[in-house]
Amino acid sequence: MLITKSKQNFYNKNGFVLVKNLLNKSNIKKLQKTILNRSKNYLKDKKNFRSIYDKQFHSELIRLKKVEPKKFGSLYDSIQRSLQLYSIICEKSLIKNICNLTKLKKENISFNGENIRMDLPNDKLHHLEWHQDRSYYFQNRDGNKGIVCWIPLIDLDKKNGPLQVCVASHKDGFIANYKKFRKNKKSSFQRKVKKKNTFKVFSQSLKEGDVLFMNKNTIHASGKNTSRFIRFSLQVRVHDLMDPDYLSFRYKILYNQTDIESMIKKGINIDDLEKVSI
Ligand SMILES: O=C(O)CCC(=O)C(=O)O
Ligand SMILES: [Fe+2]
(Lines give C-alpha, C1' and ligand atoms only; values in the text may rest on other atoms or scores of the structure.)
(Ligands and ions follow the chains in the order given, each with its own letter.)
Protein backbone atom coordinates (compact mmCIF):
# COMPACT_ATOMS: atom_id res chain seq x y z
CA MET A 1 0.00 0.00 0.00
CA LEU A 2 1.51 3.30 -1.11
CA ILE A 3 1.21 6.29 1.16
CA THR A 4 -1.01 9.04 -0.22
CA LYS A 5 0.42 12.36 -1.37
CA SER A 6 -1.55 14.17 1.34
CA LYS A 7 -0.04 11.92 4.04
CA GLN A 8 3.44 12.61 2.66
CA ASN A 9 2.77 16.35 2.72
CA PHE A 10 1.41 16.07 6.24
CA TYR A 11 4.59 14.24 7.31
CA ASN A 12 6.88 16.85 5.75
CA LYS A 13 4.95 19.68 7.35
CA ASN A 14 4.34 18.22 10.80
CA GLY A 15 7.28 15.83 11.33
CA PHE A 16 5.01 12.85 11.94
CA VAL A 17 2.13 11.01 10.36
CA LEU A 18 -0.26 8.35 11.60
CA VAL A 19 -1.07 5.65 9.05
CA LYS A 20 -4.03 3.63 10.20
CA ASN A 21 -4.52 -0.05 9.49
CA LEU A 22 -1.18 -0.48 7.74
CA LEU A 23 0.12 -3.69 9.26
CA ASN A 24 -1.21 -7.18 8.94
CA LYS A 25 -3.27 -7.80 12.10
CA SER A 26 -2.55 -11.52 12.19
CA ASN A 27 1.16 -10.70 12.28
CA ILE A 28 0.58 -8.45 15.30
CA LYS A 29 -1.49 -11.24 16.90
CA LYS A 30 1.48 -13.60 16.45
CA LEU A 31 3.77 -11.23 18.34
CA GLN A 32 1.11 -10.94 21.05
CA LYS A 33 1.18 -14.74 21.21
CA THR A 34 4.98 -14.71 21.56
CA ILE A 35 4.67 -12.30 24.49
CA LEU A 36 1.88 -14.39 26.08
CA ASN A 37 3.74 -17.66 25.63
CA ARG A 38 7.04 -16.38 26.98
CA SER A 39 5.31 -14.69 29.93
CA LYS A 40 3.93 -18.07 31.04
CA ASN A 41 7.48 -19.12 31.92
CA TYR A 42 7.50 -16.43 34.59
CA LEU A 43 4.00 -16.72 36.03
CA LYS A 44 3.27 -19.26 38.71
CA ASP A 45 -0.28 -19.89 37.64
CA LYS A 46 0.14 -21.50 34.22
CA LYS A 47 -3.17 -20.19 32.93
CA ASN A 48 -4.30 -20.07 29.38
CA PHE A 49 -4.99 -16.40 28.96
CA ARG A 50 -7.69 -15.65 26.42
CA SER A 51 -5.57 -13.05 24.68
CA ILE A 52 -3.19 -10.21 25.41
CA TYR A 53 -6.30 -8.25 26.47
CA ASP A 54 -7.00 -10.67 29.34
CA LYS A 55 -7.17 -8.49 32.47
CA GLN A 56 -5.62 -11.22 34.56
CA PHE A 57 -2.60 -11.42 32.25
CA HIS A 58 -1.94 -7.74 32.91
CA SER A 59 -2.49 -7.94 36.65
CA GLU A 60 -0.17 -10.96 36.94
CA LEU A 61 2.59 -9.23 34.97
CA ILE A 62 2.18 -6.07 37.04
CA ARG A 63 2.49 -8.24 40.14
CA LEU A 64 5.63 -9.94 38.73
CA LYS A 65 7.23 -6.52 38.16
CA LYS A 66 6.42 -5.53 41.73
CA VAL A 67 7.39 -8.73 43.52
CA GLU A 68 10.17 -10.08 41.26
CA PRO A 69 11.44 -7.14 39.19
CA LYS A 70 14.53 -9.06 38.03
CA LYS A 71 12.38 -11.80 36.56
CA PHE A 72 10.30 -9.17 34.84
CA GLY A 73 13.56 -7.79 33.42
CA SER A 74 14.46 -11.23 32.13
CA LEU A 75 11.07 -11.51 30.40
CA TYR A 76 11.59 -8.05 28.93
CA ASP A 77 14.99 -8.99 27.51
CA SER A 78 13.82 -12.37 26.26
CA ILE A 79 11.13 -11.09 23.91
CA GLN A 80 13.34 -8.45 22.29
CA ARG A 81 14.99 -10.91 19.93
CA SER A 82 11.89 -12.84 18.94
CA LEU A 83 11.66 -13.59 15.23
CA GLN A 84 8.09 -12.36 15.17
CA LEU A 85 9.28 -8.85 16.03
CA TYR A 86 11.39 -8.84 12.88
CA SER A 87 8.62 -10.19 10.72
CA ILE A 88 6.58 -7.11 11.61
CA ILE A 89 9.47 -4.77 10.87
CA CYS A 90 9.97 -6.47 7.50
CA GLU A 91 6.33 -6.27 6.41
CA LYS A 92 6.11 -5.08 2.82
CA SER A 93 3.50 -2.42 3.58
CA LEU A 94 5.66 -0.94 6.33
CA ILE A 95 8.80 -0.87 4.16
CA LYS A 96 6.87 0.72 1.29
CA ASN A 97 5.64 3.51 3.53
CA ILE A 98 9.12 3.99 4.96
CA CYS A 99 10.56 4.23 1.43
CA ASN A 100 7.88 6.73 0.40
CA LEU A 101 8.33 8.98 3.40
CA THR A 102 12.13 8.87 3.54
CA LYS A 103 12.71 8.69 -0.23
CA LEU A 104 15.08 5.82 0.50
CA LYS A 105 15.27 2.66 -1.57
CA LYS A 106 14.71 -0.57 0.32
CA GLU A 107 18.22 -1.78 -0.52
CA ASN A 108 19.70 1.39 1.00
CA ILE A 109 18.01 1.09 4.38
CA SER A 110 19.62 0.25 7.69
CA PHE A 111 17.74 -0.15 10.95
CA ASN A 112 18.27 -0.57 14.67
CA GLY A 113 16.67 0.37 17.97
CA GLU A 114 14.09 -2.34 17.40
CA ASN A 115 12.48 -2.66 20.78
CA ILE A 116 9.31 -3.82 22.47
CA ARG A 117 8.26 -1.53 25.30
CA MET A 118 6.14 -2.78 28.17
CA ASP A 119 4.97 0.33 30.01
CA LEU A 120 3.37 -0.38 33.34
CA PRO A 121 0.54 1.71 34.77
CA ASN A 122 1.77 4.89 36.47
CA ASP A 123 5.44 4.00 35.96
CA LYS A 124 7.63 7.07 36.27
CA LEU A 125 11.03 5.44 35.99
CA HIS A 126 10.82 4.44 32.33
CA HIS A 127 8.70 7.37 31.27
CA LEU A 128 10.72 9.20 28.59
CA GLU A 129 10.74 12.99 28.87
CA TRP A 130 10.66 15.28 25.81
CA HIS A 131 13.42 14.22 23.44
CA GLN A 132 14.49 13.73 19.83
CA ASP A 133 15.47 10.22 18.74
CA ARG A 134 18.34 11.82 16.78
CA SER A 135 20.09 12.36 20.12
CA TYR A 136 20.08 8.59 20.79
CA TYR A 137 20.88 7.37 17.28
CA PHE A 138 24.09 8.46 15.57
CA GLN A 139 23.93 6.43 12.35
CA ASN A 140 22.99 9.58 10.39
CA ARG A 141 24.16 13.01 11.56
CA ASP A 142 21.16 14.54 9.82
CA GLY A 143 17.97 13.74 11.73
CA ASN A 144 15.95 14.30 8.56
CA LYS A 145 17.52 11.14 7.11
CA GLY A 146 15.65 7.95 7.96
CA ILE A 147 12.62 7.75 10.21
CA VAL A 148 11.25 6.45 13.52
CA CYS A 149 8.34 3.96 13.53
CA TRP A 150 6.18 3.66 16.64
CA ILE A 151 3.83 0.68 16.56
CA PRO A 152 1.13 -0.12 19.15
CA LEU A 153 0.99 -3.84 19.91
CA ILE A 154 -2.44 -3.53 21.51
CA ASP A 155 -5.25 -1.02 21.05
CA LEU A 156 -4.43 2.10 23.05
CA ASP A 157 -6.81 4.76 24.23
CA LYS A 158 -5.90 8.00 25.97
CA LYS A 159 -5.71 6.26 29.37
CA ASN A 160 -2.95 3.91 28.15
CA GLY A 161 -0.79 6.94 27.40
CA PRO A 162 -0.10 6.80 23.67
CA LEU A 163 3.01 8.68 22.52
CA GLN A 164 2.94 12.49 22.75
CA VAL A 165 4.32 14.25 19.69
CA CYS A 166 5.11 17.97 19.31
CA VAL A 167 3.63 19.01 15.98
CA ALA A 168 6.17 20.47 13.49
CA SER A 169 8.93 20.45 16.14
CA HIS A 170 11.33 18.86 13.61
CA LYS A 171 11.52 22.23 11.87
CA ASP A 172 13.85 23.54 14.59
CA GLY A 173 16.38 20.81 13.68
CA PHE A 174 18.58 18.82 16.02
CA ILE A 175 18.97 20.34 19.49
CA ALA A 176 22.51 19.37 20.45
CA ASN A 177 22.49 20.92 23.92
CA TYR A 178 20.02 18.45 25.39
CA LYS A 179 20.14 17.66 29.09
CA LYS A 180 21.57 14.26 29.89
CA PHE A 181 20.19 12.86 33.13
CA ARG A 182 18.94 9.66 34.70
CA LYS A 183 16.12 9.05 37.12
CA ASN A 184 18.22 6.79 39.32
CA LYS A 185 21.61 5.06 39.27
CA LYS A 186 20.28 1.92 37.61
CA SER A 187 18.25 3.53 34.86
CA SER A 188 19.70 4.57 31.54
CA PHE A 189 20.47 8.16 30.61
CA GLN A 190 17.73 10.28 29.06
CA ARG A 191 18.39 13.20 26.71
CA LYS A 192 15.82 15.82 27.51
CA VAL A 193 15.10 18.94 25.46
CA LYS A 194 12.98 21.96 26.26
CA LYS A 195 9.50 21.82 24.81
CA LYS A 196 8.27 25.18 23.59
CA ASN A 197 4.85 26.11 24.95
CA THR A 198 3.81 27.04 21.44
CA PHE A 199 4.01 23.43 20.22
CA LYS A 200 0.71 21.66 19.78
CA VAL A 201 0.85 18.12 21.16
CA PHE A 202 -0.56 15.22 19.16
CA SER A 203 -1.55 12.18 21.23
CA GLN A 204 -4.23 9.94 19.87
CA SER A 205 -5.84 6.56 20.47
CA LEU A 206 -4.15 3.92 18.34
CA LYS A 207 -5.24 0.52 17.16
CA GLU A 208 -3.44 -2.72 16.30
CA GLY A 209 -2.12 -2.30 12.76
CA ASP A 210 -1.59 1.48 12.99
CA VAL A 211 1.88 2.96 12.60
CA LEU A 212 3.05 6.36 13.78
CA PHE A 213 5.99 7.62 11.69
CA MET A 214 8.23 10.38 13.03
CA ASN A 215 11.15 12.45 11.85
CA LYS A 216 14.24 11.78 14.03
CA ASN A 217 14.25 15.48 14.99
CA THR A 218 10.61 15.48 16.12
CA ILE A 219 10.27 16.17 19.84
CA HIS A 220 8.15 13.59 21.66
CA ALA A 221 7.64 11.99 25.06
CA SER A 222 5.98 8.98 26.65
CA GLY A 223 2.32 9.40 27.47
CA LYS A 224 1.15 8.71 31.01
CA ASN A 225 -0.34 5.27 31.39
CA THR A 226 -3.13 5.85 33.90
CA SER A 227 -4.96 2.64 32.96
CA ARG A 228 -4.74 -0.75 34.67
CA PHE A 229 -3.19 -2.30 31.55
CA ILE A 230 0.37 -2.61 30.37
CA ARG A 231 1.04 -0.57 27.25
CA PHE A 232 2.77 -2.87 24.74
CA SER A 233 4.43 -1.12 21.81
CA LEU A 234 7.21 -1.63 19.28
CA GLN A 235 9.72 0.91 18.01
CA VAL A 236 12.26 0.76 15.23
CA ARG A 237 14.63 3.36 13.82
CA VAL A 238 15.47 3.46 10.14
CA HIS A 239 18.65 4.98 8.73
CA ASP A 240 20.10 5.93 5.35
CA LEU A 241 22.81 3.37 4.74
CA MET A 242 24.15 5.31 1.72
CA ASP A 243 24.90 8.39 3.81
CA PRO A 244 28.65 9.04 3.26
CA ASP A 245 28.80 9.80 6.99
CA TYR A 246 26.79 6.75 8.06
CA LEU A 247 28.22 5.61 11.38
CA SER A 248 28.72 1.86 11.24
CA PHE A 249 28.37 -0.16 14.42
CA ARG A 250 28.20 -3.67 15.77
CA TYR A 251 26.50 -5.14 18.80
CA LYS A 252 27.90 -6.77 21.89
CA ILE A 253 25.66 -9.36 23.48
CA LEU A 254 24.97 -8.74 27.13
CA TYR A 255 23.41 -11.88 28.57
CA ASN A 256 20.74 -11.37 31.19
CA GLN A 257 22.33 -11.65 34.64
CA THR A 258 19.16 -12.98 36.28
CA ASP A 259 19.01 -15.82 33.74
CA ILE A 260 22.67 -16.63 34.46
CA GLU A 261 22.07 -16.68 38.21
CA SER A 262 18.99 -18.83 37.82
CA MET A 263 20.92 -21.39 35.74
CA ILE A 264 23.69 -21.50 38.35
CA LYS A 265 21.05 -22.11 41.02
CA LYS A 266 19.66 -24.99 38.99
CA GLY A 267 23.16 -26.49 38.80
CA ILE A 268 23.57 -25.96 35.08
CA ASN A 269 27.23 -25.71 34.12
CA ILE A 270 27.72 -22.42 32.30
CA ASP A 271 31.53 -22.25 32.43
CA ASP A 272 31.56 -21.95 28.64
CA LEU A 273 29.61 -18.72 28.75
CA GLU A 274 31.38 -15.52 27.78
CA LYS A 275 29.74 -12.80 29.86
CA VAL A 276 30.20 -10.23 27.09
CA SER A 277 30.64 -11.42 23.53
CA ILE A 278 32.08 -9.34 20.71
O1 LIG B 1 6.92 4.72 23.86
C2 LIG B 1 7.34 5.61 24.60
O3 LIG B 1 6.80 5.88 25.65
C4 LIG B 1 8.53 6.41 24.20
C5 LIG B 1 9.38 5.71 23.25
C6 LIG B 1 10.44 6.60 22.71
O7 LIG B 1 10.23 7.74 22.47
C8 LIG B 1 11.75 6.05 22.43
O9 LIG B 1 11.99 4.87 22.71
O10 LIG B 1 12.61 6.78 21.94
FE1 LIG C 1 11.85 8.50 21.30
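Five strands make up an open sheet here, lined up in the order β1-β8-β3-β10-β2, and their pairing is antiparallel. Keep in mind that this is a predicted model.

- The edges belong to β1 (16–19) and β2 (109–119), each of which pairs on one side only.
- Going from one strand to the next, the twist averages 20°.
- In general, backbone hydrogen bonds are what pair the strands of a sheet, whether parallel or antiparallel.
- Edge strand β2 teams up with β10 (residues 231–240) in the antiparallel sense, and nine bridges join the two.

- Helix α1, covering residues 5–14, lies across β1 and β8 (211–214).
- Relative to β1, helix α1 runs at about 145°.

**Two helices packed together**
- Helix α2 (residues 25–40) packs with helix α4 (residues 69–79); the angle is about 145° and the axes are 10 Å apart.
- The α2 and α4 crossing is right-handed.
- On the α2 side, the contact is made by Thr34, Ile35, Arg38 and Ser39, while α4 brings in Leu75, Ser78 and Ile79.
- Sorted by class, that contact of α2 with α4 has three nonpolar residues, three polar ones and one charged.

Terms used. Residues numbered from 1 in each chain as written. Chains lettered and ligands numbered in written order. Predicted model: local features only at pLDDT ≥ 70, side-chain atom pairs only at ≥ 80, totals over all residues. Pairing = 2+ DSSP bridges. Helix = DSSP H or I, 4+ residues; strand = E, 2+ residues; numbered from the N terminus. Axes fitted to C-alpha atoms, helices over the stretch in contact; angles between N-to-C directions. Contact = placed C-beta atoms within 7 Å. Left-handed = near helix turned anticlockwise from the far one by under 90°. Nonpolar A, V, L, I, M, F, W, Y, C, P; charged D, E, K, R; others polar.
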